[in-house]
Amino acid sequence: MRNNIEVAGLVLAAEGISGAIDRVAVQPFMAIFLNFFNRVVVPRIGFLTGYELYANLALAALGIMVVIAAAPRSP
């Protein structure tokens, strides 16, 4: 279960970073999959208008936090 959560966190971080790159320049690498949040979710949420870059960076930060939280703890 922990590995699934880590993979989900990595996907969130990758989507956030890819969306931020897409906002600054064109992202050609796996754009259909990695820019789903940036191209589908963000335009449909009204209060994110004008803050798309920050939304993508927040998604990347959330993904990194999920990966850190799912990491095994050492005693």
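**Exercise 1.** Determine how helix H1 and helix H3 are oriented to each other, and which residues make the contact.

Step 1. In this predicted model, the axes of H1 (residues 2–24) and H3 (residues 36–44) come within 8 Å and cross at roughly 80°. Axes are lines fitted to C-alpha atoms over the stretch in contact, with angles from 0 to 180 degrees between N-to-C directions. Helices are DSSP runs (H or I, at least four residues) numbered from the N terminus.

Step 2. H1 and H3 are therefore roughly perpendicular (65 to 115 degrees; under 35 is roughly parallel, over 145 roughly antiparallel, the rest oblique).

Step 3. Glu15, Gly19, Asp22 and Arg23 of H1 make the contact with Phe37, Asn38 and Arg39 of H3 (contact: heavy atoms within 4.5 Å).

Residues are numbered from 1 along each chain as its sequence is written. Local features need pLDDT of at least 70, side-chain atom pairs count only at pLDDT 80 or more, totals for chains, interfaces and linings use all residues, and side-chain values use heavy atoms, without hydrogens and water.

**Exercise 2.** Classify the orientation of H3 and H4, and list the residues that meet.

Step 1. The axes of H3 and H4 (residues 52–70) come within 11 Å and cross at roughly 120°.

Step 2. The two helices are therefore oblique to each other.

Step 3. Phe37, Asn38 and Val42 in H3 meet Glu52, Ala55, Asn56 and Leu59 in H4.

**Exercise 3.** Find the contacts of Ala55 beyond its sequence neighbours.

Solution. Setting aside neighbours within four places in sequence, Ala55 is in contact with Phe37, Val42 and Leu48.
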